[in-house]
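These are my notebook entries on one protein chain. I set down what I looked up, entry by entry.

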Amino acid sequence: MPVTKAEVEAKVMEVLGEMLEEWDEELDEEPGPQTTLVEDVGFASIDFVQFAVAIEERCGAKLGFQELLIRDGQYIEDLTIAEVVDFVTGKLNQPLDAPPAAPVEAPKPNVERLESIDEAERVCEDKFTAFRQIIRPRPPRPADDAPKNPRAVFVLSPPRSGSTLFRVMLAGNPALFAPPELHLLSYGTMDERRDTLNDEHNNHLLEGTIRAMMQLKGWSGEESRAFAEKCESEGMTTKAFYGIMQSALDGQLLVDKTPSYVIDKEILERAETDFDGALYIHLQRHPCGTIRSYEESKLTRLMPLMSESDFSTRQLAEMTWLLSHRNILSFSEQVPAERWFNLRYEDMVQDPDTQMRQLCEFLGVPFHEDMVNPYADNDKRMTDGVDTASRMSGDLKFHLHQGIDASAASRWQQFYSPEILGGITRDVAARFGY
Ligand code: A3P
């Protein structure tokens, strides 16, 4: 039975209503088919993604929203509800044997379209020093002489490096347990962690540990939340919480990919203090790709200290990239080479098979085919969130893709040339071969 536009419209409206409720927002006029998502509702590009993921969940089908949302390599300017309804209705009524849509190709660089840079805007050491002042160091941790936890693996990268895709690829290997972002290492205790993250912008970051414990113990979301609350009320150390997760594993290696750790080298050093022979994967991406992705994601919304600064989003993105990689490189000097692996996002999406095989050798686990098939078996990958996928801690754009998308590696080239980068950024990029 074909679905009707009216049925789809009802679902789309429900999803929009829930998003508005979550944002605690009311529109001046009741939304209808001609309501525009950017102009009338105030969507940012990342909100399109949340909207799309929630509609797919409601319809119980992957609909290939990238086709609707991305034109010529960039997000469309605006969309009406009617356009969304037409798209979804068309997709749901497509014959089952219809050929899959061609992957969205990144258009070729167009020199006339490239954004230029005003010299006064360029990132330099002085600006970088001022930027560092925005980042508050974490408070010291309580003394802890408990023995080290067993080996774990840490993925080190700034946000927008393809780390969610990478995490999900790792989760396809049965020898690894790679849950959504854990956000543990930055905090001494579970109550400090809750107190820091429990606000409207960040509380979804508390969900990774809850989803992980559901998987490990076979618990419901409610049971897992109750356990987290107990740990918080006892003031359990985050190290002890990692230990509980590790003791529930069946011989697998725990992988923690949480991009915010790299903002402070002292946080990285905790991995050496708390774990026995931890392994590190340094995930790199071209700075321009990361900057473009950061701008589209409106990440600064989650970080009031950054959005209130005088720096532009592009500068914040470049300096976040720079600070993260400088911290990682400096930290790497303390770690023996046999516990360190470098991986570039561009290589990972362009030749995933070779990269994953090399990585498995480093980790000492057998390669598994599911690593290069990241959209199979959502449950094992923990991409479904605790209650809904749209609250998964990590990159929601992961849900827009339908396979490993090699064209995503060069999409930035239509907007930026490496000329926009500060010399200090280019120096670090050159160390990664960019
Ligand atoms: P773009 O915004 O340039 O598209 P992170 O998870 O570290 O925040 O990284 C987000 C980046 O990973 C986004 O880059 C996103 O599109 C990209 N990504 C997610 N899933 C992907 C896939 N299946 N193939 C290629 N890139 C993917």
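**Entry 1: Threonine 320 and its helix**

I began with threonine 320, which has its place in helix α14. I noted that helices here are DSSP runs of H or I with at least four residues, that strands are runs of E with at least two, and that both are numbered from the N terminus. The model is a predicted one, in which local features need pLDDT of at least 70 and side-chain atom pairs count only at pLDDT 80 or more, while totals for chains, interfaces and linings use all residues. Residues are numbered from 1 along each chain as its sequence is written, and side-chain values use heavy atoms, with hydrogens and water left out.

Is threonine 320 buried or exposed? I found threonine 320 to be buried, because its relative accessible area is 5%. I use "buried" for under 20% relative accessible area, "exposed" for over 50% and "partly exposed" for what lies in between, with a 1.4 Å probe and protein chains only. Leaving aside residues up to four places away in sequence, threonine 320 touches Phe131, Pro158, Pro159, Ile263, Tyr294 and Met306. Such a contact means heavy atoms within 4.5 Å.

I then looked at α14 as a whole. Of its 20 residues, 17 are buried, so α14 is largely enclosed by the rest of the structure. I also checked its length: at 1.5 Å a residue, the 20 residues should span 28 Å, and the end C-alpha atoms are 28 Å apart, which agrees. The expected span is 1.5 Å times one less than the number of residues in the helix.

**Entry 2: Where α11 meets α14**

How do the axes of helix α11 (residues 265–274) and helix α14 (residues 313–332) cross? They come within 9 Å and cross at roughly 35°. The axes are lines fitted to C-alpha atoms, for helices over the stretch in contact, and the angles run from 0 to 180 degrees between N-to-C directions. I recorded the crossing as right-handed.

On the α11 side I listed Lys265, Leu268, Glu269 and Glu272, which meet Asn327, Ile328, Ser330 and Phe331 of α14. By class, this contact has three nonpolar, two polar and three charged residues. Ala, Val, Leu, Ile, Met, Phe, Trp, Tyr, Cys and Pro count as nonpolar, Asp, Glu, Lys and Arg as charged, and the others, Gly among them, as polar.

**Entry 3: Arginine 339**

Arginine 339 is in the loop between α14 and β7 (340–344). I found arginine 339 buried, with a relative accessible area of 14%. Its contacts, not counting residues up to four places away in sequence, include Glu272 and Phe362. From proline 147, arginine 339 is 192 residues away in sequence and 20 Å away in space, C-alpha to C-alpha.

**Entry 4: Helix α16**

For α16 (residues 352–363) I repeated the length check: its 12 residues should span 16 Å, and its end C-alpha atoms are 16 Å apart, which agrees. Which residues of α16 are buried? I listed Pro352, Gln355, Met356, Leu359, Cys360, Phe362 and Leu363. They cover an arc of only 155° around the axis, so they lie on the same side of α16. The arc is that of the directions from the helix axis to the C-beta atoms. Just after α16, glycine 364 takes a positive phi of about 75°.

**Entry 5: Helix α18**

In α18 (residues 423–431), the buried residues are Ile424, Thr425, Val428 and Ala429. Seen down the axis, they fall within an arc of 135°, so they line one face of the helix. Among the elements that cover them are α5 (125–134), α12 (287–297) and α14. After α18 comes glycine 433, with a positive phi near 85°.

Arginine 160, in the loop between β3 (152–156) and α6 (163–171), has a positive phi near 70° although it is a residue other than glycine. Arginine 160 is buried, at 13% relative accessible area. Methionine 382, in the loop between α17 (378–381) and α18, is not a glycine either and has a positive phi of about 60°. Methionine 382 is buried, with a relative accessible area of 1%.

Key. Left-handed = near helix turned anticlockwise from the far one by under 90°.
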